[in-house]
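Please report on the side-chain pairing and helix packing in this model. Keep it brief and tied to residues.

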Amino acid sequence: MADLRALTHALTNSYIDAFPQETTEVLESAPVDELVELLQTQTVERGARILGRLSTALATTVLQQLVPDLTRQILGSMEPMQAALLLSSLDPENREKQLDNLDQGLARELRDLMSYPEASAGRLMQPRAPSIPARLSVKQTIKRFRRFKSRETAVLVITDDSGKLLGLVDLVDVVQADPNTRLESLLHITTPVRVTATTSREEVIDLFTRYRLRLLPVVDIDDRLLGVIRQSTVIKATQEEAATNLQAMVGVSRDERALSSPLSAMRKRLPWLNINLLTAFLAAAVVGLFENTIAQFTALAVLLPVVAGQSGNTGAQALAVIMRGLA
């Protein structure tokens, strides 16, 4: 029995690592208590990857049901951007409780990230982005590059000794250059596109689309590097922005999810439904003005649902065309 349990555990871990997208789809529909039990049997690194792929609402619910020690370890292993996103979804009391459970340095870093305006570049950036001083040679750069944990380093961020942004260099150019060449001589673009931490998410997405960027530096007012925004992060933000805009267009709250409580959904949908009810009564009143005419020509009553159905279909078609244009 013990061997069978170990084999099942090994197969589960292999499936999670080999098919992350399929695993996420399965876990999204699983009960919360089963997700909690799964995370308790995984390594901290794998648990952080699993939690980071789940929807924010579900991941937040699971996070609150984990034991404090495991929560601290998982949040410490996650990218600060992901951890800040999860913590910002909690109510202030639970958020402070989770922050107090973390190491002081990490808690301070997450508080700084959450202090930026919502839907801003500061909320999208990775603050621990590796940067390389321009004074280093290609040989020294490659040696330092081997210590980087992130795999998304096709573009290197070059700074001076004070952390001021100087430019970007493709990793291919570094590998192909002479080992004794200084990085500063490989800087072809010394004024790369950059944003501040308060730049809106819409502007960040527009810059990535307009200039076909793979990486966007985030700087402070003194042009010192704060972090970077990667293309994968922008794609996820774009998808989230499109989904929230679609929900807002039909009167659904931007933060409502499929797993939101019925009471919360009702409270946020009720104002829009009341407006729709009022306009429906106005339309009914207009029909009532022609009551005598409809009584004389009963065929008009048969056409009422036809008119309502066609107008709804026309509106849905117009909405689809507009959404495609926005996308």
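## Salt bridges

The model is predicted. Across the whole structure, a search finds twelve salt bridges. Side chains of opposite charge can pair when their charged atoms come close.

| Pair | N to O distance | Setting |
|---|---|---|
| Arg72 and Asp69 | 2.5 Å | helix H6 (residues 68-77) |
| Arg111 and Asp100 | 3.7 Å | helix H9 (residues 104-114) and helix H8 (residues 92-101) |
| Arg210 and Asp206 | 2.3 Å | helix H13 (residues 201-211) |

Take Arg72 and Asp69, which meet through their side chains in a salt bridge. Both sit in helix H6, three residues apart, so about one helical turn separates them.

Arg210 counts as exposed, because its relative accessibility is 52% and the cut-off for exposed is over 50%. Asp206 is partly exposed, at 34%.

Which parts of the chain does the bridge between Arg111 and Asp100 link? In this salt bridge the closest N and O atoms are 3.7 Å apart. The pair connects distant parts of the chain, with Arg111 in helix H9 and Asp100 in helix H8. Arg111 is partly exposed, with a relative accessible area of 33%. Asp100 is exposed, at 60%.

## One face of helix H2

Which residues of helix H2 (residues 20-28) are buried? They include Thr23, Thr24 and Leu27. Seen down the axis of H2, the buried residues fall within an arc of 100°, so they line one face of the helix. The other side of H2 carries Gln21, Glu25 and Val26, which are exposed.

## The aromatic pair

How many aromatic pairs does a search of the whole structure find? The search finds one. Tyr15 and Phe19 form this pair, with ring centres 5.2 Å apart. The angle between the planes is 40°, and the pair is tilted. The tilted label follows because planes under 30 degrees apart count as stacked and those over 60 as edge-to-face. Tyr15 is partly exposed, at 38% relative accessibility. Phe19 is partly exposed too, at 40%.

## Packing of H4 and H6

Helix H6 returns here as a packing partner. Helix H4 (residues 44-53) packs with H6 at an angle of about 75°. The axes of H4 and H6 are 8 Å apart. How are the two helices oriented to each other? H4 and H6 are roughly perpendicular, because angles of 65 to 115 degrees fall in that class.

Which residues meet where H4 and H6 pack? From H4 come Val44, Gly47, Ala48 and Leu51. On the H6 side they meet Gln73, Ile74 and Ser77.

How values were computed
Residues are numbered from 1 along each chain as its sequence is written. This is a predicted model: local features need pLDDT of at least 70, side-chain atom pairs count only at pLDDT 80 or more; totals for chains, interfaces and linings use all residues. Side-chain values use heavy atoms; hydrogens and water are left out. A salt bridge is a side-chain nitrogen of Lys or Arg within 4 Å of a carboxyl oxygen of Asp or Glu. Helices (H or I, at least four residues) and strands (E, at least two) are DSSP runs, numbered from the N terminus. Buried means under 20% relative accessible area, exposed over 50%, partly exposed in between (1.4 Å probe, protein chains only). The arc is that of the directions from the helix axis to the C-beta atoms. Rings of Phe, Tyr and Trp (its six-membered ring) pair if their centres lie within 6.5 Å; planes under 30 degrees apart count as stacked, over 60 as edge-to-face and the rest as tilted. Axes are lines fitted to C-alpha atoms, for helices over the stretch in contact, and angles run from 0 to 180 degrees between N-to-C directions. Angles under 35 degrees count as roughly parallel, over 145 as roughly antiparallel, 65 to 115 as roughly perpendicular and the rest as oblique. Contact means heavy atoms within 4.5 Å.
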